Amino acid sequence: MVVFQVSRKETTPFDGQKPGTSGLRKKVSVFIKPNYLHNFVQSTFNALSADKVKGATIVVSGDGRYFSKDAIQIIIKMAAANGVRRVWVGQNGLLSTPAVSAVIRERVGADGSKASGAFILTASHNPGGPHEDFGIKYNMENGGPAPETITDKIYANTKTIKEYLIAEDLPDVDISAVGVTHFNGPEGDFDVDVFDSTNDYVKLMRAIFDFESIRKLLVSPKFTFCYDALNGVAGIYAKRIFVEELGAKESSLINCIPKEDFGGGHPDPNLTYAKELVTRMGLGKSSPQDEPPEFGAAADGDADRNMILGKRFFVTPSDSVAIIAANAVEAIPYFASGLKGVARSMPTSAALDVVAKNLGLKFFEVPTGWKFFGNLMDAGLCSICGEESFGTGSDHIREKDGIWAVLAWLSILAYKNKNNFNGEKLVTVEDIVVQHWATYGRHYYTRYDYENVDAAAAKELMAYLVNLQSSLSDVNKIVKEIRTDVSNVVQADEFEYKDPVDGSISKHQGIRYLFEDGSRLVFRLSGTGSEGATIRLYIEQYEKDSSKTQRNSQEALAPLVDVALKLSKMQEFTGRSAPTVIT
Ligand code: G6P
Ligand code: ZN
């Protein structure tokens, strides 16, 4: 057995190691600076209570992006030096973010050990490669991202750090092969356990969904399916679950081999970046070569996000969570005994609110960021939740879950078609959505993103909008000068949230303009970019009249878009005449 020593290395702080909405994300060129990663990892260990480090089991893995393999070896050596007892690593360093959450909550080691936390190496949907982004975040014992009390401590530690601990002579561990490597250090045994990246997650999915009924759908000659992992980590789960477990054809999978640079693409599942899938589904500028599949879906780099598509049909994430919630009890065995409650983030459309009201469910509106859902779930208040930013999930883990969302949709399709496999035509994704609108009304919805805007200009725009809110009558005057065909603004504020579980208050969570007819304009600065600022503008309009729910969304929203852009003086502040991305 290899015996290692512990070295104390002197270091000095780096500026800007403040974890954002989902951990610390920077260019690879920043992360590879000597001691940069080391400082953050040591600051994290120092922020955790001793029992979560000394003698503890921690998970280290991620979406496989460039620099992950080096980072894993560094973290293993630092974990050993800090007295961690075991490090669990997914084979090849791969674990999706939801799989990490599942592993923390469900996996039991051969010796009965359980993990107390995880370093997740990902920058989610940001591009990867030597010139792109790397990221690291810490998840806690409940499987969810560290709360602000911890991330604040981590940040404070990064500002004062003087030394870190590392077992420099610990040889690199072969993370490509499953198996346990034993070491011995000053504080006793230290093991690195490399395990299959998919087993624990697949087991959990099998316990939630009725795989038999989904299989019937996937093997039906009438059903066609396409899944795009955008060369992120979702590929390994897609192959295992959709193909090996559920009988989908191998050719249903595109970009399902994880790559360090995501094949040069932007691994974000939306209509702009998931180009290949969008074209195949008949939603691109050029017509597809073949008849589009009935169902298509995509994931982001770390597989927590999802996009759901039907043939020539886009399901907005806000509609998706509402539809899953409306059908969950019938279609998904895990929810058979009812939903504890549902939740959405503030900028997400109110489609879920209407379902909650109709079904008499507890409902919560939280700030952007999955951690707010985690608190509700830990308290048993929420079963299903989702965000406009292509995140959907449930209390089976404490992260959003891209593959889960696809399985949820497949379950609903399987349920709606259960007596129909021999019929003329299957009930389609579009049928389900249109039927949902007919029952609950439709929330027309769009989001405009202005990426990499000058940070000072973005702040000024936000300050201007807050200032404007002091007089509603002034706001309405401006609005009416822009358009007369929108209703009155009846409330304007900055969203603030009091967590019903721990009482904590989160301020400045986005600027809202609420209209009399239920329409909303929301302005927020993204918390996940790594360069400049990203302004997000969310535009929503509710239509109850079922004869008017099938309009073109951009057309229906045009008056509100006009108001939003002129009211905010978007072009004046940012110099941009058009958004970078529209979803
Ligand atoms: C991450 C979080 C989500 C959040 C999203 C917002 O994906 O996990 O919970 O909705 O970031 O990103 P933004 O860039 O809008 O702050
Ligand atoms: Zn992600």
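Two residues are taken to be in contact if their C-beta atoms, placed from the backbone, lie within 7 Å. In the predicted model, Ala 325 touches Leu 339, Val 342, Leu 352, Val 355 and Ile 384 by this criterion, with residues up to four places away in sequence left out of the count.

Ala 325 belongs to the largest nonpolar core, which holds 147 residues. Together with Ile 58, Val 60 and Val 342, Ala 325 is among the residues that touch the most other members of this core. Helix H13, spanning residues 402-416, supplies the largest share, namely eleven residues. Because domain 1 (2-197) and domain 2 (201-440) both contribute residues, the core lies between the two domains. Another core, of 29 residues, lies apart from this one, and its members include Ala 458, Met 462, Leu 465 and Leu 560.

An open sheet of six strands was also identified, with antiparallel pairing and the strand order E21-E24-E25-E26-E20-E27. Leu 525 has Ile 535 of E26 as its bridge partner.

Regarding confidence, the chain has a mean pLDDT of 95, and 99% of its residues reach 70 or more. For the complex, the predictor gives an ipTM of 0.96 and a pTM of 0.95.

Conventions:
Residues numbered from 1 in each chain as written. Chains lettered and ligands numbered in written order. Predicted model: local features only at pLDDT ≥ 70, side-chain atom pairs only at ≥ 80, totals over all residues. Core = buried A, V, L, I, M, F, W, Y, C linked by C-beta atoms within 7 Å. Buried ≥ 20, exposed ≤ 12 C-beta atoms within 10 Å, placed from the backbone. Helix = DSSP H or I, 4+ residues; strand = E, 2+ residues; numbered from the N terminus. Domains from an automatic or database assignment. Pairing = 2+ DSSP bridges. pLDDT = per-residue confidence, 0-100.
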